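Thank you all for coming; I would like to take a few minutes to walk through one structure with you. Please have a look at it first, and then we will go through its parts.

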Amino acid sequence: MIKEYWQAMAPRDRQVLTWAAPFMALGLFYFAIWQPLSGAEEAARQQLQSRQGDLQYLREQGSRLLAAKGGRLATGSGSLTDRVTRSANSFNVRIARLQPGQGGISVWVDEVPFERLTQWLTALQLKEGLSVSQADVITTGTPGMVRVRRLELTGA
């Protein structure tokens, strides 16, 4: 069908199409492939720079906070289990299981909004003097919700 159409065309039209086809292919390649990829690369670079700026800001604020607290983090009172449980309750984080270990504690958490989890972990570090040595966090089917399969906390 296409071959018949090509043969039926006037020779001048065939010549114009023969010369125009490579330019149209180049234009299609540029506008359909090259330009979107180039734009995505630039957007990723800008996002990386923004995230690096955020990281630098957070590091500076952490240093300022430590300096304001006399160079050390707060240490909560009570046993490790009590401190974790009390802190989780104040952030409405539902703990599924606690397992005290040597020098730390392992925690399993049911579904929790990711933002609340990060706030809780920050409070554990700043107010209770605990730090996360290992975390196994998975997403759930609900956007923004995560489940902590295992969270190892250590501290004084």
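Predicted model: local features only at pLDDT ≥ 70, side-chain atom pairs only at ≥ 80, totals over all residues.

Residues are numbered from 1 along each chain as its sequence is written, and side-chain values use heavy atoms, with hydrogens and water left out.

Thr140 counts as buried, because its relative accessibility is 15%, where buried means under 20% relative accessible area, exposed over 50%, and partly exposed in between, with a 1.4 Å probe and protein chains only. Thr140 sits in the loop between β3 and β4, and its side chain reaches the backbone oxygen of Met145 at 3.2 Å. Leaving aside neighbours within four places in sequence, Thr140 is in contact, meaning heavy atoms within 4.5 Å, with Glu111, Met145, Val146 and Arg147.

Now to the overall picture. The protein has 4 helices and 4 strands, where helices (H or I, at least four residues) and strands (E, at least two) are DSSP runs numbered from the N terminus, and along the sequence they follow the pattern α-α-α-β-β-α-β-β. A compact globule of 156 residues would have a radius of gyration near 15 Å, whereas this protein has 29 Å; that radius is taken over C-alpha atoms, and the globule rule is 2.2 Å times the number of residues to the power 0.38. The C-alpha trace spans about 95 × 35 × 25 Å along its principal axes, and buried residues make up 17% of the 156 residues.

Let us turn to helix α3, which covers 80-90. Its buried residues are Leu80, Arg83, Val84, Ser87 and Ala88, and they cover an arc of only 125° around the axis, which puts them on the same side of α3; the arc is that of the directions from the helix axis to the C-beta atoms. These buried residues pack against β1 (95-101), β2, α4, β3 and β4, while the face turned away from the buried side carries the exposed residues Asn89 and Ser90.

Just after α4, Gly129 takes a positive phi of about 75°.

Finally, what does the largest nonpolar core contain? It has 16 residues, and those with the most contacts inside it are Val84, Val107, Val109, Trp120 and Leu153; such a core is a set of buried Ala, Val, Leu, Ile, Met, Phe, Trp, Tyr and Cys residues joined through side-chain atoms within 4.5 Å. The elements giving two or more residues to this core are α3, β2 (104-113), α4 (114-128) and β4 (145-155). Beyond its neighbours within four places in sequence, Leu153 is in contact with residues including Val84, Val107 and Leu124.

Definitions and conventions:
Polar contact = N/O pair within 3.5 Å; in protein donor to acceptor, adjacent residues only side chain to side chain.
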